[in-house]
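Me: I would like to learn how to read a model like this one. Please take me through it feature by feature.

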Amino acid sequence: MLLLRRAVPLSAFRRRTDQARLREKARLIMRPDDANVAGNVHGGTVLKMIEEAGAIISTRHCNSQNGERCVAALARVERTDFLSPMCIGEVAHVSAEITYTSKHSVEVQVHVMSENILTGTKKLTNKATLWYVPLSLKNVDKVLEVPPVVYSRQEQEEEGRKRYEAQKLERMETKWRNGDIIQPVLNPEPNTVSYSQSSLIHLVGPSDCTLHGFVHGGVTMKLMDEVAGIVAARHCKTNIVTASVDAINFHDKIRKGCVITISGRMTFTSNKSMEIEVLVDADPVVNNFVKRYRAASAFFTYVSLSPEGKSLPVPQLVPETEDEKKRFEEGKGRYLQMKAKRQGQAETQA
C-alpha cells in the first residue's frame, strides 16, 4: 500500500534537521564495575558519560558544514552537582544540547536521569555545562571556526555570551594557580593532609585517546574522580560518594604515550563534606624537548555515608603547614559561598 505524505517546505525540513543535530540522547545500564563496593555509581563514571555525549554532539555540529574536518576537544566543565545517587542496575538517560557557540567554542548542556527499570521511577541525577573547541584533524594545534547556531530568542544568545565571557576569564585566572607539586610525606599523622593524599600514575594508551591521539576529557575526569575518592576514603574510612565537582579546567592537551600523574590532597572539611584538590600533570617521556606540564585541575567535594546511605560526620582536617592553612581558608570560602548560593536559591523557590 502506498502512503502519501504532505510535502514539507525545504526551510522547515532544514530547521528540523538543525534542531536534531543540536541534541543527543543515550541510554546505558549501570553495571558492577561502574560502582563502588556499596553499589553507588562512581562520580567519574557519570562524568565520563556526560563528556562522551558532549563530545559527540559538538564534533557533529562542528563538522556540519563543508570545510576542514575536526574533532571537538573538551576545554572546561562548569561546576557539576550530583543531585541524587545512581545505583547498579539502574539505567542512565543522558541528553545533551548545544546552547551557545562563539567563533571558536561550543557550549553543551547535559542532563542525566536515572531510571529504576523495575518500578519505572526516574530522577534527575546530574546537570552539567561543558565547553569544547574544534581541533583540525590535519593539525592538532589548529583551532577551527564553529558553525553558528540559530537562537529562538535574542535573550538566549546574550545570556550565552555572558556565560562564555565568564568561563573564559576564569580559565585564564586558574591556569597557573596550582603550580606546586604534591610530595609524599613519611609517617604522616591521621587527619592531616599528608595522611590521605594520593597519586595515580597512568600511561596513556590508544584506547584513552581521540582520533587526534590526545586523551578524551572523560577519561581524565574519571581518573581524577578515582584519586579524589581514594583521598576521601582514606580520610574518613567510610563509604564515600561524589557530591559535586568545581569547574574542571583543561589547561593543555595530553598526548598518546605521555605518562600522567593524577594527585589529590584534602584542602578543607566541613561537618559533613570534604573538598579535595586534584592536579593532573603530563610527562611526555618519549619527547625530550617537552617538559612536564600541568594539564588539568579541579576541586571535588565528597560526603561520607553510613551503610544505610545516611550522611555521616566527617573527621576534621588538621592543616599543619602555612600553605595547608591557606588552602584550608580558601576552601572554607568556597564552601560558604556555595552554601549561601544554595540557601538563596531555596528561598527564591519557596
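Reply: Start with confidence. pLDDT is the predictor's confidence in each residue, from 0 to 100. The chain averages 88, and 91% of its residues reach 70 or more. This is a predicted model: local features need pLDDT of at least 70, side-chain atom pairs count only at pLDDT 80 or more, and totals for chains, interfaces and linings use all residues. Residues are numbered from 1 along each chain as its sequence is written, and side-chain values use heavy atoms, leaving out hydrogens and water.

Me: Where does pLDDT stay under 50?

Reply: Over residues 1-17. The model has 2 contacts (heavy atoms within 4.5 Å) beyond four places in sequence for that stretch.

Me: How do I read the largest nonpolar core?

Reply: In soluble globular proteins, nonpolar side chains tend to be buried together. A nonpolar core is a set of buried (under 20% relative accessible area, 1.4 Å probe, protein chains only) Ala, Val, Leu, Ile, Met, Phe, Trp, Tyr and Cys residues joined through side-chain atoms within 4.5 Å. Here the largest has 72 residues. Those with the most contacts inside it include M224, I254 and F300. Helix α5 (residues 217-236), a DSSP run of H or I of at least four residues, gives the largest share, 9 residues.

Me: Which residues does I254 contact, beyond four places in sequence?

Reply: Among them are V204, F214, V280 and Y293.

Me: Is A72 buried or exposed?

Reply: A72 is buried, at 6% relative accessible area. A72 touches A55, S58, T59, Y132, V133 and P134, leaving out residues up to four places away in sequence. The C-alpha atoms of A72 and T210 are 9.4 Å apart, across 138 residues of chain.

Note on methods
Buried < 20%, exposed > 50% of the residue type's maximum accessible area, 1.4 Å probe, protein only. Helix = DSSP H or I, 4+ residues; strand = E, 2+ residues; numbered from the N terminus.
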